[in-house]
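Visitor: I have a structure to look at, and I would like to know what lies behind each label. Could you walk me through it?
Guide: Gladly; here it is.

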Amino acid sequence: MVTEAALTVDLAIILLSATLAGFVAKQTGQPTIIAYILVGIVIGPAALGFVEVGELTELLSELGLAFLLFLLGIKMRIDEIQHVLSPIVKISIPQMIAVFLAGTGIAFALGFGPVESFLIGLAVIYSSTAVAIKMLNDNDEATSLHGKIDVGVLLIQDIVVVIILAVLAAGQPDDLAEVATTLAVVLGLVVLVTIAALAASKTVLPRIFRRIADNKEVFFLVALSWAFLFVFVSDNINLFLAPLGIEAYLSIEMGAFMAGVAIAQLPYSKELQDRVNPLTDLFVMVFFVSVALDLETAQLLAYWQEAIVAALVLIPIKFLVFVYLLDWQGFDTETTFLGSIHMIQVSEFGIIVIAVAYTAGFVEAEVLGFITLLAIFTMAVSVYFIEFRHRLFDRFEPTLSRVTSEGTFETTGREYRDHAVVVGYDDVTRNALPILADRYDDLVVIDRRVDHIDTLEADGYDVIYGDARKGTIRKDAALKKADFVLSSSAELAVNKALLRDVGDGTAVFLEADQLQDARDLYDSGAHYVIMTQYLSSDKLAGYLRAYLDEETAFEAAIDDDVELLQTGKPIPDINRLGGELDE
Amino acid sequence: MSELLTAISIIFIVMGPFLLVANRFDLPTVPFFILAGIVAGIGMDWFGIDEALTLELAQYGIALLVFSFGVGIDLSSIRSVLIDSETAALGQVLLIGSLGVGAGVALGVPLSEALYLGIAAALSSTIVGTALLQVEIRMNLVHGRVAESIQFLQDLLAILFLLVLSAGVLAADPIAEMLGYGLSLLVAAVLVNRFLFDAIGRLAGDSSELMILATVSLLALFIGAAEVAGVSIVVGAFAAGLAVRHDPTEYLGLFNGLQSIKDFFVAIFFVTVGALVVWPFVEIGWAASVDKILIAGALVFLTAVVKPAVTTAILLYRGYESRSATLAGLNTDQVSEFALIIAIEALLLGVLTESVFDAIILAAAVTMISSSITNYYSEEIYRALSDRGIFTSGHGKIDAWSDVPDRMFDHVVIVGYGRHGQKLVETCEEHDRPYVVIENDPARRNEVRAECDAVVIGDAMERYTWEKAAAEDARVIVSTVESETVSRRILSLDFRADIVLRARDQETALSLLEAGALYVNVPALLAGRQLVDQIQALLDGDLTAAELREQQLTELESNTHTSLNGSADDTPSVRS
């Protein structure tokens, strides 16, 4: 029987205290993750004991992980990381092995048992996606060379973590042979899911998403539907394998990740990132808070001294391993330094690995407490190192450049600079494109209609599919470095966001419906505001005047317009395109 | 993985294909969520999961749905809607509501439950209605605007119903108490909005993540307050929405983020509603099934036939011409999502039985889909009704409100009195040229009548309007209306006069030219050409960006004095 469903008090407490802590963290320059974890410790059984893990919090934190991995998957655009792919692979694999050995060694030296040490080694090899990517984004360095290397390495680490999670989720093995079998089955399943995802991204997905991309709500929900399909299959894999007599495990994270990768290869993935991001933020917050909800104070603080020692040893080791490997791959000193300094912390995935191992019965809750403390501590320290990275670099450059070699890596990846950005492809901007393309080496067009994208790509323009309301989309167009920005959106909010994002020297042409909007835009720094309605009504009145005075003068006047109408390349009609697909 | 996650997975997996179908046929998504829910319910039974498990998540969906309604409200528009005389539409709610209650009682439903049938019949869906009229609303056509404000008023009423219903009994004292609590929540919301929200924004800095968290926390606080006061959480959510209401310009990231969160939970809500339906004939016996179908059928008939008829009649009485009235009326022919919320709240409170609840949900799904169809064929429906002579008294209104000299010839007929129309009237007056303005928006009636020499208040789709404007003897007809339907109609009337039209895009313009228009104005194309000139000047170094800005600002200032009072053609619609 259903009862009046009062909303859970637990969730409200989590929300409110996390918000409060988040704001405090923001004001003190700490990453929000740390605030969330601390909140979990404070309101959980470890301290105040307000909140316990309930069904809903458990769901939301599960969703948080699934969404985080889904989001990561969506970012895996193979063509974008291709040119740094080889050095990234060559850096990340030795790095993981080296840090794994170091981590296992440290743990063993600190008195953990062999299995525990082994798992701790596995848990510390990843750097924090949350911290590194967040800092890169905040500092506008995500698309810089060292940013790309870091993102690539993090993604490879994520793939490894997904596999390790799958193996751990299988639970306590009886012998080595069983571990090997589990690993083989899991790898087999991972390969199968990967093939399924990539095959889908080549076949059905482009057709489905092409059709729905213009409908924001349907687009978003169908993408989630796709993700949940993978989550569901991964989770219930035994249901499908049972007839074959095989038993295996696949993590829901793995499923979500591959669902994301399949979508990432479509041109619409950027737009989706911005849609999934807020939900991820919200759910991941619940995840981080609930990390410590399982821990008693005694469990959390059981190994606090060990955690601090491990952090103090691990941070320099991680840094040096990265410096060595980046240098080996021929990156210049600055790239090497900046690329390494972002990666010195222990990741939230480390906590997840141990959390899963704890659930599967490999380790005690105290080890989870240890790794949680270790992650919190290294993350906090790394944030400060990243914050002061340039000062640190200036200080240590002489020393560093003595031990590092000359940079030999050549950037083939293009970065936009002094380019032109056009937001929205329509009758207003269409004729401006050839002129801008003529003058600028790079011209980027942002548009959120599939048929427009096709037309633009056929004409050889760089296109970003997405809505200029979204921060990621605007960032992708590198507005700050643009020389010229033109927007045919009459939405004040979008135009003001553009004005906030552009650099000092950027010429900005915008559109407005109302006089007061136009004035507002000029006040905010626009150089030219097109007012279609005003322009057109003046022109029409002018034509009527000519018509009433002397019809021949009028005819001469409209000839131009009619010619423009007839010669201009028509914009494809969305309905017609939709029709073609069906036939 | 928890049972709950399995339930959510099933909901989303089943939802996907249904959404693809909705998208393929350009139908609103809500009824397809409900249909998906019915299927998902079967899926959950398979896995042995109780549908009620997702009820709590569904409640978040309700909260977020109402919350975003609150966020989207433009307070000044409430005033303009009230002034706009469309309050008459309230009469429709009362009439249909009573009919719904009556029909329920006649079918043997106890009065306390029949009340909910009345609410379900009376309220129309904003999500479905406005989705179907998107184009009309954007173009600010009369029937789009009227339908939108009717829906808007009904949503406000729904909140009020929920507030009253939380009293539990129909007695004055508890209701007054609830109203008091509701009012205090609203006052708190306004205070938060005034004094707290921007402070939060400043503290959050550029972090959308924190801003979203803070907003969701506010929502939780208001819902909590509502729960403590014993008021429906929906009222709390609505108040929270008002507290966050803000010009999206500064908080783009926040409002984008809220949209995603809302879409996620609202989808869960609608699917859960569908999953709760007990399928007639399959899951229950004959007698109960027939009962349920009868109630649902009565509700469908009231909603899909009687309600649009009543709305149209009231609008006609208020002085709208017959086409706008019919089209706006047809837009109200579905059950509201608020009726679903009210029904589910009542079900949870135990004051509504399963069979009446199911009838409401089924009627909602049916009418939301049928509504898409009637709105797709609304012009044809209107024509058919009109051809049967249903709207006979129409000309009297046109005659009464129009003001045209007896004999006119060689004059200019101007269709639409927006910014373009006003400019054209100015030009005619400068040239001492006789003109007639055709306008069908009652809201502009007084303005047009005061400012123009000759006026016809009527629909450009009607032949009589053109007779009235003496179009046969006109020299030129200039239409400033972007609607292709209107443009084609003008061409089809086959006047001797030259015809100048307006089109949204080049393709339409070209085909209108071919069909016989002398000239077709495409504002975007004109703007495009002007733009190209400016860009060229800038790139060639004829002037710097700063100089261009100065020049434009000067021009803008000089423009301001002459035309600030003229409204643009795209005046903002009721809600921002």
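Visitor: Which residues does A:Ile354 touch, not counting residues up to four places away in sequence?
Guide: A:Ile354 touches A:Leu119, A:Ala123, A:Val363, A:Val367, A:Leu368 and A:Ile371. Two residues are in contact if their C-beta atoms, placed from the backbone, lie within 7 Å. Before we go on, please note that this is a predicted model, in which local features need pLDDT of at least 70, side-chain atom pairs count only at pLDDT 80 or more, and totals for chains, interfaces and linings use all residues. Residues are numbered from 1 along each chain as its sequence is written, and chains are lettered from A and ligands numbered from 1 in the order in which they are written.

Visitor: What makes a set of residues a nonpolar core, and how many residues has the largest one?
Guide: A nonpolar core is a set of buried Ala, Val, Leu, Ile, Met, Phe, Trp, Tyr and Cys residues joined through C-beta atoms within 7 Å. The largest has 419 residues, and A:Ile354 is among those with the most contacts inside it, as are A:Val353 and B:Leu299. Helix α13 (residues 252-276) of chain B gives the most to this core, with 16 residues. Helices (H or I, at least four residues) and strands (E, at least two) are DSSP runs, numbered from the N terminus.

Visitor: Why is B:Leu107 called partly exposed?
Guide: A residue is buried if 20 or more other C-beta atoms lie within 10 Å of its own, exposed if 12 or fewer, and partly exposed in between, with C-beta atoms placed from the backbone. B:Leu107 has 17 C-beta neighbours inside 10 Å, so B:Leu107 counts as partly exposed. This residue lies in the loop between α5 (89-106) and α6 (111-122) of chain B. B:Leu107 touches B:Leu294, B:Ile295 and B:Ala298, leaving aside residues up to four places away in sequence. B:Leu107 and B:Ile295 are 188 residues apart in sequence, yet 7.0 Å apart in space, C-alpha to C-alpha.

Visitor: What is the strand order of the open sheet in chain B, and what makes two strands a pair?
Guide: Two strands pair if DSSP finds at least two bridges between them. In chain B, six strands form an open sheet in the order β3-β2-β1-β4-β5-β6, and the pairing is parallel. β3 (455-457) and β6 (519-521) of chain B each have a single partner strand, so one side of each is left without a neighbour in the sheet. Three bridges join strand β2 (residues 435-439) of chain B to β3(B), with B:Val437 opposite B:Val455. Strand β1 (residues 412-415) of chain B is joined to β4(B) by four bridges, and B:Val415 has B:Ser479 as its bridge partner.

Visitor: How do you know that both faces of β4(B) are covered?
Guide: In a regular strand the side chains alternate between the two faces of the sheet. In strand β4 (residues 476-479) of chain B, B:Val476 and B:Val478 on one side and B:Ile477 and B:Ser479 on the other are all buried, and both faces are covered. On to its neighbour: β4(B) pairs with strand β5 (residues 498-502) of chain B over three bridges, in the parallel sense.

Visitor: Which strands stand at the edges of the sheet in chain A?
Guide: The open sheet of chain A has six strands in the order β3-β2-β1-β4-β5-β6, with parallel pairing. Its edge strands are β3 (462-465) and β6 (528-530), each of which pairs on one side only. The twist averages 15 degrees from one strand to the next; axes are lines fitted to C-alpha atoms, for helices over the stretch in contact, and angles run from 0 to 180 degrees between N-to-C directions. Helix α25 (residues 523-539) of chain B packs on this sheet, touching β5 (507-511) and β6 of chain A, and its direction makes about 165 degrees with that of β6(A).

Visitor: How many residues of chain A are in contact with chain B?
Guide: 96 residues of chain A are in contact with 92 residues of chain B. The chain A side has 55 nonpolar, 17 polar and 24 charged residues. Here Ala, Val, Leu, Ile, Met, Phe, Trp, Tyr, Cys and Pro count as nonpolar, Asp, Glu, Lys and Arg as charged, and the others, Gly among them, as polar.
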